[in-house]
Amino acid sequence: MLWRRRAWRDRAIRWAERRLAERDIEVTGKPDQFHVRSWSTVIRLPTDRGAVFFKATWAPLRFEAGLTAAIAKWAPDDVGIPLAIDQRRGWLLLEDGGQRLREIIAKDRDVAHWHRILPRYAELQLAVVPHARQALQLGTPDRRAAALSTQYARLLRRSSLLRVGLKEGVTKADAKMLADLVPRVRTWTEDLRVVPDTIQHDDLHDGQVFVKDGRYRILDWGDACVSHPFLSMSVVERSVAYTLGLKPGSREIARLRDIYLEPFTAFASAAKLRAIYPIAIRLGWISRALSWAALVRHLSTTEKRRERGDVPRSLRRFLDPTSA
């Protein structure tokens with residue numbers, strides 16, 4: 001694996017040290033490469049101004065560095081603070097975002113964190129609306145209405161990913177239902193046009209949110225796409241329900257929905273937004289399936305075996321958002 005090679009690691013650390021030196025920041029200790037996955041690695045560097053984090057992504061996700069820097073200009077209070085990027089190589093150097101929300105919420109079990117995060121995330125999405133085309137130019141995947149429905153139809157033709165009738169795959173009945181829904185998906189994507197397309201994180205959960213000095217910042221934009229904003233809530237709802245032991249459709253989950261939707265009432269009534277919201281929740285799982293499909297094709301044989309259930313699982317959730 002590239003990330004494990006000493007020559008690559010030394011080169012990355014030297015780049016980070018030079019970029020920090022340009023800001024009069026000195027590395028004061030041994031770098032810690034604490035995160036290594038096929039698609040990315042993260043190295044923590046102790047400095048005289050606190051920890052900073054170097055992140056590298058593989059080729060399919062190299063847009064993340066440029067996108068993160070761009071969002072930091074469009075919505076600077078709600079994302080990680082970039083110190084430097086190398087857009088060509090997909091390298092990103094970030095200030096310490098603080099403590100991960102996952103560890104905080106594991107202790108206090110307080111859903112109110114999401115009451116504060118979701119309005120800010122919605123405002124971030126609204127701030128990016130005028131810049132959606134620029135986000136696409138940076139390499140962010142296009143999952144706007146026409147693209148999403150087309151990519152869904154194409155995905156269903158990739159039998160190796162659906163694993164029809166196989167372990168961790170979709171059933172034959174599921175496969176038929178998925179195919180029968182192709183025309184409906186086209187209609188549904190058009191129904192969502194009430195709200196404009198923008199950035200959509202696509203994997204927003206408590207492991208991607210960090211808290212420092214009372215401020216929440218959303219990191220890890222490597223799964224992001226330009227699409228309907230509400231698609232983000234598929235993962236949010238499921239993650240919050242799982243973490244806090246809430247039932248899908250419960251009063252607490254409905255309140256999260258309403259809190260998130262309120263900033264979008266600039267485009268339609270709350271009633272209209274609530275009406276299209278369930279469609280977005282379902283289509284969000286198509287987006288997750290597409291994200292996994294884009295990754296799996298680049299994995300080794302062993303890694304493909306480990307991740308083989310991810311695309312089918314997302315498609316089953318599209319068929320039934322309450323499924324496992």
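Modeller: Happy to! Let's start with Q208, whose side chain makes a polar contact of 3.3 Å with the side chain of D203. A polar contact is a pair of N or O atoms within 3.5 Å; within protein, one must be able to donate a hydrogen and the other to accept it, and residues adjacent in sequence count only if both atoms are side-chain atoms. This is a predicted model, so local features need pLDDT of at least 70 and side-chain atom pairs 80 or more, while totals for chains, interfaces and linings use all residues. Residues are numbered from 1 along each chain as its sequence is written, and side-chain values use heavy atoms, without hydrogens and water.

Q208 sits in the loop between β8 (198–200) and β9 (209–212); strands are DSSP runs of E, at least two residues, and helices runs of H or I, at least four, numbered from the N terminus. Q208 counts as buried because its relative accessibility is 8%, where buried means under 20% (1.4 Å probe, protein chains only). Beyond four places in sequence, Q208 is in contact (heavy atoms within 4.5 Å) with H201, D203, R217, I218, L219 and D220.

Now to the sheet. Five strands form an open, antiparallel sheet in the order β1-β2-β3-β5-β4; strands pair if DSSP finds at least two bridges between them. The edges are β1 (32–37) and β4 (82–86), each with a single partner, so one side of each lacks a neighbour in the sheet. Six bridges join β2 (residues 40–45) to β3 (residues 52–57), with L45 opposite V52 in β3.

Notes: Buried means under 20% relative accessible area, exposed over 50%, partly exposed in between (1.4 Å probe, protein chains only).
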